[in-house]
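Let's take a walk through the charged side chains of this one. Have the model open and follow along pair by pair.

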Amino acid sequence: MTELSLAAAHEVDRYLVDTLVDADDSLDATVQAPRAADMPAIEVAPTGGKLLWLLARLSGARRVLEIGTLGGYSTIWLARGIPDDGRVVTIEAEPRHAEVARRSIDRAGVGERVDICVGRGADVLPTLEDQAPFDLVFIDADKESNTVYLDWAARLGRPGTLIVVDNVVRAGRVADAEDPSPQVRGVRAGLQMLRDDPRFTATALQTLDAKGWDGIALALVV
Ligand code: DHB
Ligand code: MG
């Protein structure tokens with residue numbers, strides 16, 4: 001039996017991606033474009049992207065809200081998981097990132113299904129009330145604001161809305177109550193909100209993939 005190590009986990013991840021996630025030129029280009037533009041290389045892993053696609057399909061989502069577009073990689077997976085007449089509304093604070101994402105999303109052939117709203121989440125979310133309810137919400141932006149984003153996910157959702165929160169493990173740092181970083185504190189505050197706020201019920205899973213050791217929370221709006 002192989003011992004658990006990061007190298008072994010990466011090998012397993014490569015095996016799983018090769019086995020289960022189809023090669024796709026427009027997704028490859030979507031991964032490359034942010035690197036060429038000096039943007040952070042922090043999009044979800046291929047297995048995570050396909051999980052978002054599956055969750056959209058499994059939940060029958062037609063209206064999806066994404067907070068944190070970056071280069072549009074997760075946006076494309078989500079858009080491919082909804083019907084042709086569905087909608088992904090995705091929020092990006094950085095105009096330059098939104099431009100890169102727009103090109104990749106159009107290249108992937110799902111442009112008419114995706115609205116990119118440029119602005120801070122806290123400013124854009126209150127303007128989306130007329131587009132609610134959203135069936136699925138993916139939170140993957142500044143971790144400091146996770147409680148704000150969860151509050152809006154509940155307000156713009158409905159009973160049965162699925163919420164996915166990225167990066168809830170942060171290489172294990174989430175378990176350290178003394179960790180001083182605003183990101184870890186934001187993640188912990190979000191998880192506590194998922195426990196204490198009666199609008200939610202949730203669980204979380206650790207992941208070891210191309211992104212390293214991290215995790216996702218899955219929550220239901222009750
Ligand atoms: C960071 C943000 C992410 O959304 C992610 O998936 C990985 C890392 C970060 O801010 O460091
Ligand atoms: Mg993320």
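Start with Asp85, which forms a salt bridge with Arg62, their closest N and O atoms sitting 2.7 Å apart. Asp85 is in the loop between helix 4 (73-80) and strand 2 (87-92), while Arg62 is in the loop between helix 3 (46-59) and strand 1 (63-67), so this pair ties together parts that are 23 residues apart in sequence. As for solvent, Asp85 is exposed, at a relative accessible area of 59%, and Arg62 is partly exposed at 41%. Keep in mind that you're looking at a predicted model.

Now move along to strand 2 itself. Arg87 and Asp115 bring their side chains together in a salt bridge, 2.8 Å from N to O. Here too distant parts of the chain get linked: Arg87 belongs to strand 2 and Asp115 to strand 3 (residues 114-118), 28 residues apart. Arg87 counts as partly exposed, with 26% relative accessibility, and Asp115 is likewise partly exposed at 26%.

Next up is a pair within a helix. Arg155 and Asp151 meet in a salt bridge at 3.0 Å, N to O. Both are in helix 7 (residues 146-155), and because they are four residues apart there, about one helical turn separates them. Arg155 is partly exposed, with a relative accessible area of 46%, whereas Asp151 comes in at 19% and is buried, since the cut-off for that is under 20%.

If you want to keep exploring, the structure holds 14 salt bridges.

Technical notes. Residues are numbered from 1 along each chain as its sequence is written. Chains are lettered from A and ligands numbered from 1 in the order in which they are written. This is a predicted model: local features need pLDDT of at least 70, side-chain atom pairs count only at pLDDT 80 or more; totals for chains, interfaces and linings use all residues. Side-chain values use heavy atoms; hydrogens and water are left out. A salt bridge is a side-chain nitrogen of Lys or Arg within 4 Å of a carboxyl oxygen of Asp or Glu. Helices (H or I, at least four residues) and strands (E, at least two) are DSSP runs, numbered from the N terminus. Buried means under 20% relative accessible area, exposed over 50%, partly exposed in between (1.4 Å probe, protein chains only).
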